[in-house]
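Here is a short tour of a two-chain model, meant to be read with the structure open beside it.

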Amino acid sequence: MDTERELLKGNTPTLVLAVLRDGPLHGYGIAREIERRSDSTLKFKEGTLYPTLHGLEQQGLILGEWLRTDKGRERRVYSLTPAGLTELEQRTQVWERFASAIHRVLAGAGESDPAPEDHAHRRGPLGGLPGPEPAM
Amino acid sequence: MQIQQESSPHAPALPSCGERSPEPLIEDYLDHVGAPLVGRVPYARRQRLRSELAEHLDALIEAREELGEPHAEAVQQALRQFGDPAALGRQWLREWDGAQGSRETMWEAARRGMRYFAPAGLIGLAVMSLIHNSPGPFGLSLVGVIIPAVAAFITGFRSRRWAMVAAGAGAGSVTLLSALLALSFPQETGEGTFAALAIVGLFLWVPVSCILSELGALTRRRVLRRAQPWRARQA
């Protein structure tokens, strides 16, 4: 769904920082960990991780290191920097405030009709002038 | 296959894999990812990105094969899971440009020119003033011309955007400063010096600096494009 994709695109850096808080990981590991923690709800084009990783690295929020595997191949592993941890905490606070506000607005849309003594201020079906009293 | 330095105990174990021969579909995919980066990102950096993406793709394919998928299908699905290669390349280039300062505004470029190019212009002007007051060897006048010219070229070479703006702002600021000084001290500098400096600066030095700066920027792009191994093999 496009809405989900857009939401995920904007929050991928935060998700990467959150995953790296628990320890260094390579790109494949980051993708799998995000999928695991979200119960496969958050799925994205995994190649898009790498521009995000590059951007975070340039900002000094994560640090990438090339490590040699047992087979002699090299793999890039990323870890969170102190600046990255601070950034993650700030983003978490912002997200929690934002999510709470969205939830309150969405919950408000499902409120029941206003109390009978509030008829003078009752809006019509389209939010305009009050309509006729409903039949009892 | 385990990473030697495993400081993260919860890192998912990568599927075991041996050395694989280059997969044509993967190589083609990676070529498409790298295409927008050619001439903009240094070769070594492009290769590092390519290695990283190849490793991730290998891991995806291995994971699918371990679930029983045939190799060809696993490759197709892994590439689909990775995303459109051209879009990925463009997205990576945007991050690279942003990190390298290519999102610099025109005003920031002008400030950069005044900060780094203007001092070279002042040095050149000082040398020319010295010669004007007490004529010296011809080489000295060349120095007065070459220093700002080289500075203009280097300003352009190091610019990702707004090369002409940076050099123009630098040259313009020096022209303005020198003309104002001549206006403030007419007896020391001589009659008509203000007008001469303003005219020479505006109609000669500023345009020439802009052209040299743009040449520097073009040279940079050519140097980046030429840093490709297949061109070396052709030579």
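Let us begin with Ile146(B), whose place is in helix 6 of chain B. Helices here are DSSP runs of H or I with at least four residues, strands are runs of E with at least two, and both are numbered from the N terminus. This is a predicted model, in which local features need pLDDT of at least 70 and side-chain atom pairs count only at pLDDT 80 or more, while totals for chains, interfaces and linings use all residues. Residues are numbered from 1 along each chain as its sequence is written, chains are lettered from A and ligands numbered from 1 in the order in which they are written, and side-chain values use heavy atoms, leaving out hydrogens and water.

**A nonpolar patch on chain B**

Ile146(B) belongs to a nonpolar surface patch together with Leu142(B), Val150(B), Phe153(B), Ile154(B), Ile211(B), Leu215(B) and Leu218(B), and the accessible area of the patch is about 660 Å². Such a patch joins nonpolar side chains (Val, Leu, Ile, Met, Phe, Trp, Tyr) within 5 Å, taken from residues with over 30% relative accessible area and no salt bridge; a salt bridge is a side-chain nitrogen of Lys or Arg within 4 Å of a carboxyl oxygen of Asp or Glu. Areas come from the Shrake-Rupley method with a 1.4 Å probe, and for residues only the protein chains shown count as cover. Helix 6 (138-157) and helix 9 (193-226) of chain B each supply at least two residues of the patch, and the largest share, five residues, comes from helix 6 of chain B.

Chain B as a whole has ten helices and zero strands. Of its 235 residues, 36% count as buried.

**The sheet of chain A**

Chain A holds an open sheet of three strands in the order 1-3-2, with antiparallel pairing; two strands pair if DSSP finds at least two bridges between them. Strand 1 (25-26) and strand 2 of chain A are at the edges with a single partner strand each, so one side of each has no neighbour in the sheet. Strand 2 and strand 3 (residues 74-80) of chain A are joined by seven bridges. Helix 2 (residues 43-66) of chain B packs on this sheet, touching strand 2 and strand 3 of chain A. Contact means heavy atoms within 4.5 Å.

Ile62(A) lies in strand 2 (residues 62-68) of chain A. Its C-alpha atom is separated by 4.5 Å from that of Leu80(A), 18 residues apart along the chain. Beyond residues up to four places away in sequence, Ile62(A) touches several others, including Leu17(A), Leu53(A), Tyr78(A) and Leu80(A).

Asp39(A) has a positive phi of about 55 degrees although it is not a glycine, and Ser40(A) has one near 65 degrees. Most residues other than glycine have a negative phi. Asp39(A) sits in the loop between helix 2 (27-37) and helix 3 (49-58) of chain A, and Ser40(A) is found in the loop between helix 2 and helix 3 of chain A.

Buried means under 20% relative accessible area, exposed over 50%, and partly exposed in between (1.4 Å probe, protein chains only).

| Residue | Relative accessible area | Class |
|---|---|---|
| Ile62(A) | 1% | buried |
| Asp39(A) | 65% | exposed |
| Ser40(A) | 39% | partly exposed |
| Ile146(B) | 43% | partly exposed |

Note on methods:
Axes are lines fitted to C-alpha atoms, for helices over the stretch in contact, and angles run from 0 to 180 degrees between N-to-C directions. Patches are made of residues with over 30% relative accessible area and no salt bridge: like charges are joined within 9 Å, nonpolar side chains (Val, Leu, Ile, Met, Phe, Trp, Tyr) within 5 Å.
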